[in-house]
Amino acid sequence: MARVGRLGGAILAETQGAYYLIGNTKAPVDFRAAGFEPPDEVELVKGAYLRLEPLREVKVEAPVLLLDVEGEELAKKLVQRFVIDRNGSVSERLWRLVYSPDDPLDDAETPVERDARWLGDIPETIWQLVRDNVLRCL
């Protein structure tokens, strides 16, 4: 099961022992302190995804989404699901929609992990309709 969290405003995905950074960071990140070899600055601003090289064991910190898509396919799918084309950043609205910390069916305490396997299964055309409407709303 892949674990998907956040790092500096971008998405950090761990899948089968590999780590991917999805989208541009929105805040400075000390990659060494986070457990990764610092990526090339040119690669960092492309706005898609890049594979990070861990320096030690890394744990994706909460809040975490759990998906059953694995490998590089996961990174590509997360770009399609969350990254805004015009600026390469992760949409906070889309992240909140999927993570839904204010779900009224939840207990008072926000869960640390949320099952989001449905996100990997939803057809691209359906997600695109959702995505367009969420990004259009003010």
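This is a predicted model: local features need pLDDT of at least 70, side-chain atom pairs count only at pLDDT 80 or more; totals for chains, interfaces and linings use all residues.

Student: OK, what span should H6 have, and how far apart are its end C-alpha atoms?

Tutor: H6 has 13 residues, so at 1.5 Å a residue it should span 18 Å, and its end C-alpha atoms are 18 Å apart, which agrees.

Student: Which residues of H6 are buried?

Tutor: Trp127, Arg131 and Val134. Looking down the axis of H6, these buried residues fall within an arc of 70 degrees, so they line one face of the helix.

Student: And what's exposed on the other side of H6?

Tutor: Thr125, Leu129 and Arg136 are exposed there.

Student: What do the buried residues of H6 pack against?

Tutor: They pack against H3, H4 and helix H5, which is 117–121.

Student: Let me zoom out. How many helices and strands does the protein have?

Tutor: Six helices and six strands. In sequence order the pattern runs β-β-β-α-α-β-β-α-α-β-α-α.

Student: How much of the protein counts as buried?

Tutor: Of its 138 residues, 43%. The accessible surface comes to about 7800 Å², and carbon and sulfur atoms make up 52% of that.

Student: What share of the contacts with a separation of 6 or more comes from residues 24 or more positions apart?

Tutor: Those account for 61%.

Student: Now the inside. How many residues are in the largest nonpolar core?

Tutor: There are 25, and the ones with the most contacts inside it are Val4, Ile11, Ile22, Leu65, Leu74, Leu78 and Phe82. At least two core residues come from each of strands S1 (2–7), S2 (10–15), S3 (18–22) and S5 (64–67), and likewise from each of helices H3 (72–82), H4 (92–99) and H6 (124–136). There's also a second, separate core of 13 residues, with Tyr19, Phe31, Leu52 and Val64 among them.

Student: Which residues of H3 are buried?

Tutor: Leu74, Ala75, Lys77, Leu78, Arg81 and Phe82. Seen down the axis of H3, they fall within an arc of 165 degrees, so they line one face of the helix.

Student: Switching to aromatics: how many pairs does the structure hold?

Tutor: Four aromatic pairs. In one of them, the rings of Tyr19 and Phe36 have centres 5.3 Å apart and planes at 70 degrees; over 60 counts as edge-to-face, so this pair is edge-to-face. Tyr19 lies in strand S3 and Phe36 in the loop between helix H1 (31–34) and helix H2 (41–44), so the pair ties together parts that are 17 residues apart in sequence.

Student: Are Tyr19 and Phe36 buried or exposed?

Tutor: Tyr19 is buried, and Phe36 is too. Another pair is Phe82 and Trp95: the ring centres are 5.7 Å apart with planes at 50 degrees, so the pair is tilted.

Student: Where do Phe82 and Trp95 lie?

Tutor: Phe82 is in helix H3 and Trp95 in helix H4, so the pair ties together parts that are 13 residues apart in sequence.

Student: And why do Phe82 and Trp95 count as buried?

Tutor: Buried means under 20% relative accessible area. Phe82 has 0% relative accessibility, so it counts as buried, and Trp95 is buried with a relative accessible area of 5%.

Terms used: Residues are numbered from 1 along each chain as its sequence is written. Side-chain values use heavy atoms; hydrogens and water are left out. A nonpolar core is a set of buried Ala, Val, Leu, Ile, Met, Phe, Trp, Tyr and Cys residues joined through side-chain atoms within 4.5 Å. Buried means under 20% relative accessible area, exposed over 50%, partly exposed in between (1.4 Å probe, protein chains only). Helices (H or I, at least four residues) and strands (E, at least two) are DSSP runs, numbered from the N terminus. The arc is that of the directions from the helix axis to the C-beta atoms. Contact means heavy atoms within 4.5 Å. Accessible areas come from the Shrake-Rupley method with a 1.4 Å probe; for residues, only the protein chains shown count as cover. The expected span of a helix is 1.5 Å times one less than its number of residues. Rings of Phe, Tyr and Trp (its six-membered ring) pair if their centres lie within 6.5 Å; planes under 30 degrees apart count as stacked, over 60 as edge-to-face and the rest as tilted.
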